[in-house]
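Hi there,

Here is the structure I promised to pass on to you. Have a look at it first, and then read on for what I found.

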Amino acid sequence: MMSFRWPFFFLISSFLLVGCKANSDSIPNFIGKAHENATMTVAPLPDMPIFIADDFLMSTTRVPFLRPIPEKIADVSRNCWQPNFDREKGDLEIFPINQLVMRGVMGDSDALWALIRTPEGQLSKVRKGHYLGLNHGRVLNINPKSVVIEEILSDGMGCWLKRAKVLELQ
């Protein structure tokens, strides 16, 4: 009975293999016909715009290819308010104010401390008069919902301007 199964299995396998070869003949014919019948339609490219370069006219004596020399600003620092650059910087003065977050308050109504979270995830406590932020920000007022900070910005002419910034409890 064993001898009967081997020839039968061999006969079926050879028919299957021969049948697979017969199917592969139609694939090259199909690909050839598909290439013959294929048509391409490409939209024409738009016309290139005509570029007209302007003539270079020297309007000043400064050479445009050299780095400009900054103009000298009159010494107005004696006539307007200046921040104290000699004071020691605090731990929170290395972060921009928009990256600092108020997380809470401690203390009583007479002496409130604000809890400020840094971008590194550390909590620091500040009170009225402490400095924070990159622009010489000084804490003016602390209440249970926010911290009012006064920042100092240069006006570019040697004087300094003050602006209020508020950190709200989050």
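Strands β5 and β6 (residues 146–154) run antiparallel and are joined by five bridges. The two strands make a hairpin, with two residues between them. If you want a spot to start from, look at Arg138, which stands opposite Glu150 in β6. Please keep in mind that this is a predicted model.

β5, which covers residues 137–143, also pairs with β4 (residues 131–132): those two strands run antiparallel and are joined by two bridges. Here Leu132 stands opposite Gly137 in β5. The hairpin of β4 and β5 has four residues between the strands, and Gly133 in that hairpin takes a positive phi near 90°.

The other residue I looked at is Trp113, which belongs to strand β2 (residues 112–117). Is Trp113 buried, partly exposed or exposed? Its relative accessible area is 24%, so Trp113 counts as partly exposed; the buried class is for values under 20%.

As for its surroundings, once neighbours within four places in sequence are set aside, Trp113 is in contact with Gly104, Val105 and Met106, with Lys125, Val126 and Arg127, and with His130 and Ile142.

Best wishes

Technical notes. Residues are numbered from 1 along each chain as its sequence is written. This is a predicted model: local features need pLDDT of at least 70, side-chain atom pairs count only at pLDDT 80 or more; totals for chains, interfaces and linings use all residues. Side-chain values use heavy atoms; hydrogens and water are left out. Two strands pair if DSSP finds at least two bridges between them. Buried means under 20% relative accessible area, exposed over 50%, partly exposed in between (1.4 Å probe, protein chains only). Contact means heavy atoms within 4.5 Å.
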